[in-house]
Amino acid sequence: MSRLRRKGTTVAAAALLSWLLAGIGADAQSADGARLTGAWVPMGAGRGVDPKLAPPPAGPVLLKPEYAKDYEARRAAEAEATRRGEPPASAAVLCNPYGMPRMMAVASYPVEILQTPGQITIVTEAFSEVRRVYLDQPQVPVDEVPPGYYGHSVGRWEGDTLVVDTVGIKESVPGYNGLPHSSQMRIVERMRLVAPDVLHDQITIHDPIVLEKPLTYTLGYRRLPNYKM
C-alpha cells in the first residue's frame, strides 16, 4: 500500500472513531436525560426516608453586614406576625410566580422534567411555572439578560450529572428562604440520580454583592411513576 493510501486510511479511521465516540456520548447524554424525564415530588425529611438518600443539610447563610441587619429584622417581623396569626405576604398570597430558585420546591407540589433535542424543560405544578435549560450553549453575560423570574439557563452533562447555570433573576424575586440578592446572582445546579427513583438537585447561589461566600443547599425528589401533571 502506498504511503498516500496509508495516510488516507488512517485519516478515515480517525474520523470514524471520532464519529463513533460522539455518538456514544450523545447516546449517554440522551440516556441520562431519559432517566430524569418524568414527574418528581419533593422528599420530606420525616419517617420513611432512607437517611442515605436524604439530602445533606444546607450550608451556612453568610450575608454581608449591610444586608444581614435588614434580613434579620424582616425575619423577626415575620415571626412576630406568624405568632399573631397573620400570614406573611408570600408569593402564593400575592399570586406571584415563585421564580428561581424557590420554584424548585414548593410544599409537596410535583415538578416535571422533559427532555427534547438541545433542551430540558422543567415545569412545576404550583403556578405552572416553566424553565427552559438550553444544552451545550455558552451562557449569556448577565448584563445582557433581561431580568425575569427564571433568568437564562444553560446546561451540560458531566457524566451522569446535569449541570445548570442560571443568571438574570430580577432583584424583586425573593431568594432562598427570602434572602435578598443582587442582579449579579448566579445559580449553579447539579442534578443527578442518587438512586433509580431519587433525584438530588444541589443548588449553589453565588452573589458577590450580597453574600460573604456562596450558599449551597440540596433538594431531594422522589419519582412519581405514571403521574400526570
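Trainee: Which residues does His152 touch?
Mentor: Leaving out residues up to four places away in sequence, His152 touches Tyr134, Gln139, Val140, Val145, Asp165, Thr166 and Val167. Contact here means heavy atoms within 4.5 Å. This is a predicted model, where local features need pLDDT of at least 70 and side-chain atom pairs count only at pLDDT 80 or more, while totals for chains, interfaces and linings use all residues. Residues are numbered from 1 along each chain as its sequence is written, and side-chain values use heavy atoms, with hydrogens and water left out.

Trainee: Why is His152 called buried?
Mentor: Set its value against the cut-offs. Buried means under 20% relative accessible area, exposed means over 50%, and partly exposed is in between (1.4 Å probe, protein chains only). His152 has 19%, so His152 is buried. It sits in strand S5, residues 152-158. Strands (E, at least two residues) and helices (H or I, at least four) are DSSP runs, numbered from the N terminus.

Trainee: What makes the pair of His152 and Gln139 a polar contact?
Mentor: The two side chains meet at 2.7 Å. The definition asks for a pair of N or O atoms within 3.5 Å; within protein, one must be able to donate a hydrogen and the other to accept it, and residues adjacent in sequence count only if both atoms are side-chain atoms. The contact of 2.7 Å is therefore a polar contact.

Trainee: What makes a nonpolar core?
Mentor: A set of buried Ala, Val, Leu, Ile, Met, Phe, Trp, Tyr and Cys residues, joined through side-chain atoms within 4.5 Å. The largest one here has 36 residues. Met104, Ile120, Leu162, Leu199 and Ile205 have the most contacts inside it. Strands S2, S3, S4, S6, S7, S8 and S9 each supply at least two residues of this core. S9 gives the most, with 4 residues. In soluble globular proteins, nonpolar side chains tend to be buried together.

Trainee: What does Ile120 touch?
Mentor: Beyond four places in sequence, its partners include Ile113, Leu114, Val133, Leu135, Trp157 and Leu162. Gln115, Arg131 and Arg132 are also touched by Ile120.

Trainee: How do you know that S8 is largely enclosed by the rest of the structure?
Mentor: Count its residues. In S8, 7 of the 9 are buried, so S8 is largely enclosed.

Trainee: Why is the pair of Tyr149 and Tyr150 called tilted?
Mentor: Rings of Phe, Tyr and Trp (its six-membered ring) pair if their centres lie within 6.5 Å; planes under 30 degrees apart count as stacked, over 60 as edge-to-face and the rest as tilted. The centres of Tyr149 and Tyr150 are 6.2 Å apart and the planes are at 45 degrees, so this pair is tilted. Tyr149, at 25%, counts as partly exposed. Tyr150, at 23%, is also partly exposed.

Trainee: What makes the pair of Tyr176 and Tyr217 stacked?
Mentor: The centres are 4.0 Å apart, with 20 degrees between the planes. Tyr176 lies in the loop between S6 and S7 and Tyr217 in S9, so the pair ties together parts 41 residues apart in sequence. Tyr176 counts as buried at 15%. Tyr217 counts as buried at 7%.

Trainee: How do you know that the span of H2 agrees with expectation?
Mentor: The expected span is 1.5 Å times one less than the number of residues. For the 19 residues of H2 (65-83) that gives 27 Å, and the end C-alpha atoms are 27 Å apart, which agrees. Gly85, with a positive phi near 85 degrees, follows H2.

Trainee: Which bond joins Met100 and Pro101?
Mentor: A cis peptide bond, with omega about 5 degrees. Pro101 is in the loop between helix H3 (91-94) and S2.
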